[in-house]
Amino acid sequence: MNKPSIPAQQEITVALIGNPNTGKSTLFNALTGVRQRVGNYPGVTVEKKIGRFSVGNTEYQCIDLPGTYSLAPRSPDEMITVDVLLGRLQEVPPPDVVVCIVDASNLQRNLYLVSQALELGLPTVVALNMMDTARAKGIHFDTEKLSKNLGVPIVPLQANRGIGLDALRESLAAVAGTPTDNRISPFPEAFQTEVALLEEQLNRASESPVPRYLVERLLLDTGGYLSNGEALASIDDAFQNHVLLARKRLSAAGYPVPAVEAMSRYAWVAEMLDGAVTQPAEKQRSTSDQIDKVLTHKIWGTTIFACMVLIIFQAIFSWATPAMESIDWAIGKIGNLIGDILPTGALQSLLVDGVVAGVGAVLVFLPQIFILFFFIAVLEDCGYMARTAYLMDKLMSHVGLSGKSFIPLLSSFACAVPGIMAARVIENRRDRLVTILIAPLMSCSARLPVYILLIGAFVPNTKTLGGWVGLQALTMFGMYLVGIVAAVAVSWLLHKTLLKGETPPFVMELPSYKIPSLRTVVQRMTERGWAFVRRAGTLIFAVTILVWAAAYFPRSPEVEAQIRANFPALNESELEKRIAGANIEQSILGRMGHAIEPVVKPLGWDWRIGCAVIASFPAREVVIGTLGVIYNLGGEQDEQSLSLQERLQSATWPETDKPVFNLPVALSIMVFFALCAQCAATLAVIKRETNSWRWPAFTFLYMTVLAYLGALSTYQIGMLFVS
Amino acid sequence: MNDLIPLNHLVTGERARVGQLLGVPEEVHRLQELGLRDGAPIEMVSSGSPCIIRLSETKLCFRNNDATSVLVYADRAS
């Protein structure tokens, strides 16, 4: 370890594991508070969450590992947890103690993971969480006896109310560094003998011996992930053969692999619980069940879910307005201030039209993003999210996916990047690929600015549906629908053509409902919000400057002189407008825009919209900044104070003075952005997740074609109604 | 002992015990890790596809495919 100032025994590394929905994150937050760092493990998408806390002179480092039902790695992501626990990663120190948090109400299943954790040979503490709920259900605990049975300390806990934390801290200090060699394996004698034999064969000539736990997993892993060479380098054909022979012998002895694992572990669990935990004879119906009767009801549940989605979008519009207006106002003030201080020229233009206008135009949408993530975090934390997966499974199975694809796709409404990463929870490779390929069609938060800008400027603010829902909110809902419908069609097509195969089984836990914790919700909301700001502040900022430069250079004084010579009769402000227009038109961006105008004219776009679309290739939200810069440069002096919306409304075609934007044009742009793949980050993530350039290239191609056709038909059909 | 029947033949409210898991060994192993072990008592909370079953104190949402299925002994008075 690279901290020479602190003696080794003063810093204790704690690894935190547990089943999903056991309150693991709550415990992690309660232990470490704000002293958290979030990063990534190399090569995988698992978040590396490390927090710190101290008790007296002892510093603790707590590694929060992803929630899991089992320590049986079948993918690189699941391997990370095992590697961290076994101290096989360089990024984190080997743990001194493992905390296994379990749901007191459901020990039968939770102790399965504990039985695996105990085989790692590490000092372990079992945190018995949600004791209050379990006791209310009539379950009786003799924790002393259970602790004696398991051979490790047990700490009763109510993590959400901070009860039992002190006892847990004391227990950690007491247990770290204690010997663990006298643990009893849950497996039958014959199995243990085979594992010992294989361990000897594998590590005989090896300098870096494979831990016994992984040898055991090799024997159990009939799927072959561990032996394919990626996870464990030292496996050769001869050893594979030994493994196959061992499985054969075990099968003949009545211990078929892998079934022997569940048999042995559940038998062990029953033995541990015997006399220590007593279940009530008759189970009572909980409040969760009552709620579920309505929320998972085929008709009522689905209706409520649809209403919920509509309410969220309506809230994004109405709640965010005051905050947005304040940000808008502040950005305008800053721009004016810089404009007043600096002399006219490249620097002033860079700061006002590039930096402030570009980044400001992205920042202004932060309120909506916070509101959207607030709702997502609440739905996740209260347990409703899993119900949506249940409700949507039927629908998803029609397009060949499962309800598990629903969460990644729903997350993609916030941002396709985490959404595509979340698709790793889908074990089925084909399902995962389809989910990844259609995830970018979900309307992400980066499209939100585009929708909000154009809807605000061109869709009348009238009420429909009896005065309850605004036409603007309805248009927004429609944009989300466009993406969903396209995704369904693409998924169906992929299943019929490129990716044929069988629909996998689908299992998912429905956690009990709970009142969402404000702390968790706020934490998730700010985390996501900041992630967006960081993107806006770095990538978007860089692109805005690049685009500003492309729109500003090359610039020659001859253009100005020529215009002054050609139009001597015009007044100064008219002249400046024409000069600015001429300057941008002959800039790099202007030339690119003109080059593609014949292609985009059928969509109702002028060369400036073409420019903005080209410039938004790295990230969709850039289109706002670009439109701001382009329509700013071409505008009149006294239009400085106008908002971007007003500038768009007043933009005209140069030849005819007809307005560039009308409703069909605005809709055509929105449909284009709903369907296009203008996001470098998404394409990069697809490359990483599929480990091939084929799929990001395919995604970009199919989405761009789809976007063009969608925008084309929107404009052409829209114009039929307008004229 | 009652006959083994597929899980999705249970009607809402009916109780049963897990009898046998059929299918690809890895898929079966995963189901076992989630608690669907032999002999585990279950209750059909909401039948259909997917269905919701209660398994000790948790609820699972489950939809089988053609290759994997859960066979159960229904607690029927027959």
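In this predicted model, A:Met479, A:Val482, A:Gly483 and A:Ala486 of helix α20(A) meet A:Met670, A:Val671, A:Ala674 and A:Leu675 of helix α28(A). Sorted by class, the residues of this contact are seven nonpolar and one polar, with no charged residue among them. Helix α20 covers residues 471-496 of chain A and helix α28 covers residues 663-675 of chain A, and their axes come within 9 Å of each other while crossing at roughly 45 degrees. Because of that angle, α20(A) counts as oblique to α28(A), and the crossing in which α20(A) passes α28(A) is right-handed.

Elsewhere in chain A, A:Ala320 is found in helix α12, which runs over residues 300-341. Is A:Ala320 buried or exposed? A:Ala320 is buried, because 22 other C-beta atoms lie within 10 Å, where 20 or more are needed for that label. When its neighbours within four places in sequence are left aside, A:Ala320 is in contact with A:Pro367, A:Gln368 and A:Ile371. By contrast, A:Gly383, which is 63 residues from A:Ala320 along the chain, has its C-alpha atom 26 Å from that of A:Ala320.

| Strands | Sense | Bridges | Residues standing opposite |
|---|---|---|---|
| β3(A) and β4(A) | antiparallel | seven bridges | A:Gly51 and A:Cys62 |
| β12(A) and β5(B) | antiparallel | five bridges | A:Val507 and B:Phe62 |

Within chain A, strand β3 spans residues 47-55 and strand β4 spans residues 58-64. These two strands form a hairpin with two residues between them, and in this hairpin A:Gly56 takes a positive phi near 60 degrees. In the pairing that joins the chains, strand β12 of chain A, residues 506-510, runs antiparallel to β5(B), and A:Val507 has B:Phe62 of β5(B) opposite.

Conventions. Residues numbered from 1 in each chain as written. Chains lettered and ligands numbered in written order. Predicted model: local features only at pLDDT ≥ 70, side-chain atom pairs only at ≥ 80, totals over all residues. Pairing = 2+ DSSP bridges. Helix = DSSP H or I, 4+ residues; strand = E, 2+ residues; numbered from the N terminus. Axes fitted to C-alpha atoms, helices over the stretch in contact; angles between N-to-C directions. Parallel < 35°, antiparallel > 145°, perpendicular 65-115°, else oblique. Left-handed = near helix turned anticlockwise from the far one by under 90°. Contact = placed C-beta atoms within 7 Å. Nonpolar A, V, L, I, M, F, W, Y, C, P; charged D, E, K, R; others polar. Buried ≥ 20, exposed ≤ 12 C-beta atoms within 10 Å, placed from the backbone.
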